[in-house]
Every structure is written in structure tokens, then in C-alpha cells.
Amino acid sequence: MADRSAALRFGTPDAAPANSSAAPDELRRDLRLIAEMIEPGVRVLDIGCGDGALLAYLAREKAVDARGIELSQSGVNACVRHGLSVIQGDADRDLDAFPAGAFDVVVLSQTLQATRRPRHVVEALVRIGKQAIVSFPNFGFWRIRLSLLWRGRMPVSELLSNSWYDTPNIHLCTIRDFVGLCDEIGTKIERSVTLDRHGRPFSLDPRGGLANLLAAADFLARAVAEINRLEPQPDITVLTGDLVAVGETPEYDHLRRILAPLPMPLFVIPGNHDAREPLRAAFGGDGYLPPDGFIQYVIEDYPLRLVALDTHIPGENGGVLCAARLAWLDEALAMAPDRPTLLMMHHPPFLTGVEHMDKSTLDNAAAFAEVVARHPQIERILCGHLHRVIDRRFAGTIAGTAPSTAHQFALNLAPGAPLRFKFEPAGYQLHLWQGGALVTHTAVIGDWPGPFSLRPTG
Ligand SMILES: [Fe+2]
């Protein structure tokens, strides 16, 4: 079926109620993403269209020919009230009546898992539409796997909110299952997007295990084991943010279990994937985090003074240090001008030349640079976020990003290059303070041949 294709979207978006009169910014994020995939003026059929939020938006903003099928009478009534052309029908039974190629785009959003014959429905979608957009909750998501493993009970989440005995979701599947079905029926997947529970997209290969699991936990466990093999042991370990994927309490619980074998003190800060309060709840017992507000703090116990910054903006990929956070930093640095100091923050305060990543660095780097330049005791600014080792001279000191303990972002400085990741070796940095200077080693994680002697034996 070379002329048939499916744009696949999957994930675990918020189950917020739809609003058919929603302004563009208010349209649910997963529906907004679907809308972005649809060209103006085309013929669209939304199967299981609910109250018509997506159709109303498409009709208004993109002048599409919008039609819908909805099983519930209340949904049909809501659509009709908004002047939409919607019929009452059943995806399992009523799609056979539509002729081949009747629509440019057919949408099946969060409905596939509730159909009795999902294979038949997907075959109907790619027969009726020149393109199909399918979204569904991923039953292979790691939280669902852990829920089954730990609790031994069918998972109940925001998206899968029913108990097993009264759920309409009778054919739950994983991303890999869906990809396998598309292969079986000869349907080409043009595009896939994975969403977190906030509706934020990831771009992952749907055939890869990472998309199915979204788990970097195994990689982190390897990093912990690698650090524990170091001789001598580091005095402290710092984690520069994005400690977990979506900022949920069970993730932080899981993280603590993975980090538990590290014997030295740990110091953490939030990244864009974190959430302040669950992070604070997980690490607050260690005694160094502020009880509320921004997660900024100073550690005085070592020859290098550690100043931790919070660049987190809830729901955003980029970061910022607002006036309050910068004032706190200025004051903290002014209190010990003679002590060599390490700053740690998630978002780097500089552009890298990797166009996609440069869209989400520190928003107000110039204001931050003014503060840094006033305090020459800053030895280094340690950042995360970019999944690559990148260094730059910055405001009289050196700023740099650490490698990821999991995947690395592909090095591609071409304008407009898409953001891709690679499984280049995972890594970490070892900072050595000796002789009044900071030396930074970047190490890769893994079992490599050697070490070999450079001198011949004998
Ligand atoms: Fe990040």
C-alpha cells in the first residue's frame, strides 16, 4: 500500500477535558499537535471526535472540510451545537460504508484501544484516508510496567482511569505492538511522536526499545557502578538536572533506589524535565535543599564552594534565571569572594551552534553574565541539558555541559538540522581540585579493552 501512510502519534497526554470553542493556545496539547500535522483546506474525518474540539479548531483555523463520527449522544449533541457535521456511529461497524480515498486525513485520537477490532479499524483508516493520524496510550510505558511489577494490579493512571472491570479500553497495546500491526498490513509510518503526560513531545524511533520504555534508568545504574569503581572515590557527586523524565514522585523514588549505591553525598538541581516539589520531597531529607521556593543553595563543606542554581520553568524546555534568582546568586557570591566556587545549573548560558538545542538554553544569559563577571572566584559553571560535552569561555570563567549518562545528541551544526540522538558512549565528568586549580576529565562509561602497558614486558 505504497500510496497509503499513517502519521503515528502515541503517548500519555493529560486527559484534560476538550473544549470545542477553544482558542488555539487552549486546545489540548496532543490535539494541537495533530492539528499541526494537517494542511489547510483538506478533507478531514475525525473518528471518535468527542465534543468536536479538534474539528472546530480545524474548521476555524485551517478552513478544512471537517466531518466526524462519534458514538456518544452527548458528544454528537455538542458537535451539532457548534455547527459541526458529525454523525453518530461506531468505528468497529460503520467505517466500511465510506469509499476508498474519501478523505485526505482520517484522525483516530485516543480511540483505538477501545475498539473491538483494532486491526480492521486501522485497515479502514488507511483505506478511507490518504493519510491517517492515530494516537493511543502506550501500555509499554515504564510506569505502567512498574505498576504491574510492583503492585501486581492493572495500572490506573490519568489516561487509563478505569478499573480493569469497567474499562472501555479492551485492546491496549504498546508502541511496538502498533508498529508490528502497521508492518503486518503494509502501512508505512511517516512520522511518530511520543508525548509525556504533559503533552510534551519526544521524537523517538518507534521501532526502538527506548520509545517503548522511555527508560534511561539502566544507563544511570551503569553510571553509578562506574563511579563506584573509581579509585580514589570522589568526595561528592552532583547531578545537573533532568533527573527524571516527567517529574512524578514514583520516578524520583525509583531514581533514589538507583542512586543508593553511591556512598558519597549527592547534590541535585532541577532541569526542564523535573518538577520542584516531587524533587524536593525525594531529596529534602538530605538536608541541603531549601524548604520551599526555588531550588538554589550553597554548600560550604568542601575546598570548592558549591553554588546551585534553579533554571526550571514549569512546562517549558528552556530555562531562565529571573531577577529574584539572579539577586540571590549575586548575594551568595558576594558573601565569599575569596573562596573558589563552582556554579551548577541545568541550562547552559551560551549558544552552541546546534540550532535545535539553542532554542532551549538559558533565556537571559546576558543578565546572568553580568552577575558572573562581578565574581572572579567562579572556577567553572557546570551545566547539563545538551547531552554532549561543550565548553565555552563565559564572563571571565569557563562554562560547559556534561555528557549524558544515557543517549547523546547528534553533533550536527547544519542550519535547520533536525534534532537527533545517538547511542554514542554515555559519560560523566570527574572534576579534580588540586593545587588551587580545577581539572576536568570527561570519561565514557562501558567496558573497554585494556588498560595496556605502553612499555614492552620482558
Ligand atoms: Fe534538559
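**Burial, strands and helix packing**

User: Does Ala 395 count as buried or exposed?
Analyst: Ala 395 has 21 C-beta neighbours inside 10 Å. A residue is buried if 20 or more other C-beta atoms lie within 10 Å of its own, exposed if 12 or fewer, and partly exposed in between, with C-beta atoms placed from the backbone. So Ala 395 counts as buried.

User: What kind of model is this?
Analyst: Residues are numbered from 1 along each chain as its sequence is written. Local features need pLDDT of at least 70, side-chain atom pairs count only at pLDDT 80 or more, and totals for chains, interfaces and linings use all residues, since the model is predicted.

User: Where is the place of Ala 395?
Analyst: Ala 395 has a positive phi of about 50°, although it is not a glycine. Helices (H or I, at least four residues) and strands (E, at least two) are DSSP runs, numbered from the N terminus. On that numbering, Ala 395 sits in the loop between β15 and β16 (397-401).

User: How many other C-beta atoms lie within 10 Å of His 387?
Analyst: His 387 has a positive phi of about 55° and is not a glycine. Its loop runs between β14 (378-383) and β15. His 387 is buried, and its count of other C-beta atoms within 10 Å is 23.

User: Which strands stand at the edges of the open sheet of six strands?
Analyst: The order is β11-β12-β13-β14-β16-β15, with mixed pairing. Two strands pair if DSSP finds at least two bridges between them.

User: Which residue in β12 is the bridge partner of Ile 299?
Analyst: β11 and β12 (residues 305-308) pair in the antiparallel sense over three bridges. In β12, the partner of Ile 299 is Leu 306.

User: How many residues of strand β6 are buried?
Analyst: β6 (residues 129-136) runs parallel to β5 (residues 103-109), joined by six bridges. Ser 109 stands opposite Ser 135 in β6. β6 is largely enclosed by the rest of the structure, because the buried share of its eight residues is seven.

User: How far apart are the axes of α10 and α11?
Analyst: Axes are lines fitted to C-alpha atoms, for helices over the stretch in contact, and angles run from 0 to 180 degrees between N-to-C directions. Helix α10 (residues 249-259) and helix α11 (residues 276-283) pack at an angle of about 35°. The distance between their axes is 9 Å.
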